[in-house]
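Thank you all for coming.

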Amino acid sequence: MTVNPGIRSPLDKLNHLAAIVARQADPDFCVTAGGVVTAISATHYAVSGLSRHVRLGDFVEHCSKAGTHLGQVIKVESGQVLVCAIEPGEPISIRDSVLRIGEFKVSPHDDWCGRAIDALCRPIDGKGPLVQGGKGRSIVSTAPASMSRRRVDKGFRTGVKAIDIFTPLCYGQRLGIFAGSGVGKSTLLSMLASADAFDRVVIALVGERGREVREFIEDTLGENMRKSIAVVATSDESPMLRKMAPLVAMTIAEHFRDQGENVLFIADSVTRFAHAVREVAIASGELPISRGYPASVFTELPKLLERAGPGLEGSGTITAIISVLVDGDNHNDPVSDSTRGILDGHIVLERSLADEGRYPPINPLASISRLARKAWTPDQERLVMRLKTLMHRYEETRDLRLIGGYRPGTDADLDMAVKQVPAIYETLKQTPADKSVADAYAELAIALRNVAAGGGPMAAKR
């Protein structure tokens, strides 16, 4: 659906109302009732006359002298409904008319690839209007039935060495990247978006800095933008648009999944989506229950994330990689804790590793892929478990070694860890400028052989 750009004259108003009447025959767009604005606040406005005709979450169209604008019903009472404006700064006056629209639907098309759009499916890249598909899809839908979904059974390579070795992924998996601000979430996401394993990539940029959007699309994605669609809601946009952006992006991903394609869905970040849901919920009068978050936040998160994953038999998959902004580097804040329980694995980025110059700053000991055994061979699994044992031994004795309490020859495992772990860390270093690695295990094997032959940790890099 599209938004009317403005109504400037009485004739325009008459033509607009005639168009609404004509659209009543369209089941995808049904206006059934109208009301008037009776009260206005900074976050929402009240409408009388719609209570018997709307449901929670329905969209409405507000008509004023300046034009028409979308809003969403956030609370229904017996005498009035509360509506949150979709876009900030809309001119709203008492007695303005408000018409019910119903569900917000999008009509994805294959030609959307290579485009950047906003949360209302309007192009923001200056490449002209979008081609509309033949079927409208509501941005609020349910996940496929549990027993009807395909099983996750096939792994793929991301090209990021630390992930392919320690937390390998499968088609249809949902993975979270957990980190504080400025640690490298977006950089790692850009590396994963370049993976060649997918037919389509759908990216939801939620609450991003406006200056970074063009850099991400043109520089980071580059040639991969040809098979990608970016849905953008920057940090200065309304909470409704920031809430809608990942829902629209997921709906587009579902369109391609239903065509049998393997889709990569990236959301940066789900925390800002949760913040937007919180703002809307508090505006409707909902009370916070956990560190300032209302209960609806923890209802909306699984509704969004469960839509990703394998589709029905005969369809494709949606592999979801979600970034989670850890507030104050506290990995147990409510959003992080709730999201971690929904996803099929998590990657933890440590600020201390970034300070050491290890990029990506992934902590393999704190990261886990719940579907790793479907991607590992038995030999690879045994190798990774052994590597983790050595890394754990190396890290737990760090203070002891710094004060000179380590003596070679007293502990064989520790001797091996001191010799090999620095080479492992050096091998795992990777930047977006580096080429994607086809076989991370081969590079690791070369590094360990060099160490065994007497070379230092930098030998593998040479």
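Arg358 is found in the loop between helix 9 and strand 21, where helices (H or I, at least four residues) and strands (E, at least two) are DSSP runs numbered from the N terminus. Leaving aside residues up to four places away in sequence, Arg358 touches Leu353, Tyr425 and Lys429, a contact being heavy atoms within 4.5 Å.

Now the ground rules. This is a predicted model, in which local features need pLDDT of at least 70 and side-chain atom pairs count only at pLDDT 80 or more, while totals for chains, interfaces and linings use all residues. Residues are numbered from 1 along each chain as its sequence is written, and side-chain values use heavy atoms, with hydrogens and water left out.

As for confidence, pLDDT is the predictor's confidence in each residue, from 0 to 100. The protein has a mean pLDDT of 87, and 91% of its residues reach 70 or more. Over residues 1–8, however, pLDDT stays under 50, and the model has 21 contacts beyond four places in sequence for them. Residues 23–32 also have pLDDT below 50, and that stretch makes 16 contacts in the model beyond near neighbours in sequence.

Let us turn to the interior. A nonpolar core here is a set of buried Ala, Val, Leu, Ile, Met, Phe, Trp, Tyr and Cys residues joined through side-chain atoms within 4.5 Å. The largest nonpolar core has 59 residues, and among those with the most contacts inside it are Ile86, Phe104, Met244 and Phe265. Helix 5, residues 239–257, gives the most to this core, namely eleven residues. To take one residue, Ile86 touches, beyond residues up to four places away in sequence, a set including Phe59, Leu70, Leu120, Leu241 and Met244. There is also a second, separate core of 53 residues, which includes Leu192, Ile266, Leu428 and Leu444.

Next, the backbone. Most residues other than glycine have a negative phi, and most peptide bonds are trans. Against that background, the peptide bond from Asp268 to Ser269 is cis, with omega near 5°, and Ser269 is found in the loop between strand 15 (262–268) and helix 6 (270–283). Tyr359 and Pro360 are likewise joined by a cis peptide bond, with omega about -5°; Pro360 is found in the loop between helix 9 (351–355) and strand 21 (368–369).

Are they buried or exposed? Arg95 counts as exposed, because its relative accessibility is 59%, whereas Cys121 is buried, with a relative accessible area of 11%.

Finally, the rings. Rings of Phe, Tyr and Trp (its six-membered ring) pair if their centres lie within 6.5 Å, and planes under 30 degrees apart count as stacked, over 60 as edge-to-face and the rest as tilted. The count by this rule comes to six aromatic pairs. Phe156 and Phe198 form an edge-to-face pair, 4.9 Å centre to centre with 75° between the planes. Phe156 lies in strand 10 and Phe198 in the loop between helix 3 and strand 13, so the pair ties together parts that are 42 residues apart in sequence. Both Phe156 and Phe198 are buried. The centres of Tyr171 and Phe198 are 5.7 Å apart and their planes are at 75°, so this pair is edge-to-face.

A charge sits over a ring if NZ of Lys or CZ of Arg is within 6 Å of the ring centre and within 35 degrees of the ring normal. Arg278 lies over the face of Tyr293, at 4.6 Å from the ring centre, and the charged end of Arg401 sits over the ring of Tyr394, 4.0 Å from its centre.

Terms used
Buried < 20%, exposed > 50% of the residue type's maximum accessible area, 1.4 Å probe, protein only.
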